[in-house]
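Subject: Structure for your files

Dear colleague,

Here is the structure I said I would send. My notes on it follow below.

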Amino acid sequence: MAALSWNGEGSFVFTSSSAPYDCNDNGPCDEDTPTVPIGRSPRTDTLLKAEKVVLEFDGCVTCGCHRYCFHDNLNILYKMDRGAHFYWLHKGTVDARPDHILNLIHYEDAASLSVTILKKKLRGRIFLGCDNHPLSRQEVMDLVDKSGKFDKKFQGFTGGTSDPLGKKLNNSNTRKELGWEPKYPSFAHFLGVSE
């Protein structure tokens, strides 16, 4: 419906997820990584079908700028009081494996990436939004603790090693093509604990 409402002027951007990329086990993934085949998962089917419509209308897709879902491996949008780190901090303990890799991008950076695409009036392209500093769940919470910026203390992850792993995203191609860099180059930098 949104694509049908677009008059074709400027650019059209759909913010999607990195979930359709056929990569797991904490392996590397970039803009050229193949996607999962239709039929493997209802959730990825929905995203792939939406992306297909957008591309057919000559719009652009930004993968990884989707709001975080706590039970899968989407990129995580964050700011100080929103995101997985904040949710986990308030839960105290989380039934998830600590070594699952996450890919972070600040809310402002996800927005600036989309605005950059819109301003350049690009058509029919797929871009990837992340900070290029993938972290495990445990590393995220270790940085939160190290920052000293939160009153609560995270107790830990209690999940087993049979849970699925994530993927390590790299969007160097997106950055080069768009001339875009994030304001917050890493979660550690955002928290003021980067070395």
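In the charge count, Lys and Arg are taken as positive and Asp and Glu as negative, while His and the chain ends are not counted. The place of a charge is NZ of Lys, CZ of Arg, CG of Asp or CD of Glu. By that count the protein chain has 24 positive and 25 negative side chains, and the centres of the two sets lie 4 Å apart.

Please note that this is a predicted model: local features need pLDDT of at least 70, side-chain atom pairs count only at pLDDT 80 or more, and totals for chains, interfaces and linings use all residues. Residues are numbered from 1 along each chain as its sequence is written, and side-chain values use heavy atoms, with hydrogens and water left out.

Overall shape

The protein chain has seven helices and eleven strands; these are DSSP runs numbered from the N terminus, helices being H or I with at least four residues and strands E with at least two. Its radius of gyration is 17 Å, close to the 16 Å that the globule rule gives for 195 residues, so the chain is as compact as a globular protein of that length. That radius is taken over C-alpha atoms, and the rule is 2.2 Å times the number of residues to the power 0.38. Along the principal axes, the C-alpha atoms fill a box of roughly 50 × 35 × 25 Å.

Of the 195 residues, 49% count as buried (under 20% relative accessible area; exposed is over 50% and partly exposed in between, with a 1.4 Å probe and protein chains only). Among contacts (heavy atoms within 4.5 Å) with a separation of 6 or more, 81% are between residues 24 or more positions apart.

Aromatic pairs

The structure holds seven aromatic pairs. Rings of Phe, Tyr and Trp (its six-membered ring) pair if their centres lie within 6.5 Å; planes under 30 degrees apart count as stacked, over 60 as edge-to-face and the rest as tilted. One of the pairs, tryptophan 88 with phenylalanine 157, is edge-to-face, at 5.2 Å centre to centre and 85° between the planes. Tryptophan 88 lies in helix H3 (residues 84-91) and phenylalanine 157 in strand S10 (residues 156-157), so this pair ties together parts that are 69 residues apart in sequence. Both residues are buried.

The rings of phenylalanine 187 and phenylalanine 190 are stacked, because their centres are 6.4 Å apart and their planes are at 25°. These two sit three residues apart in helix H7 (residues 187-191), and are therefore separated by about one helical turn. Phenylalanine 187 is buried at 2% relative accessibility, as is phenylalanine 190 at 14%.

Individual residues

Proline 28, in strand S2 (residues 27-29), is exposed, with a relative accessible area of 70%. Proline 28 and leucine 169 are 141 residues apart in sequence, but 6.1 Å apart in space, C-alpha to C-alpha. Neighbours within four places aside, proline 28 is in contact with Cys23 and Lys168.

Two residues other than glycine have a positive phi. Aspartate 58, with phi near 70°, is in the loop between helix H2 (42-56) and strand S3 (60-63). Asparagine 132, at about 65°, is in the loop between strand S8 (126-128) and strand S9 (135-136). Aspartate 58 is partly exposed at 33% relative accessibility, and so is asparagine 132 at 21%.

Regards
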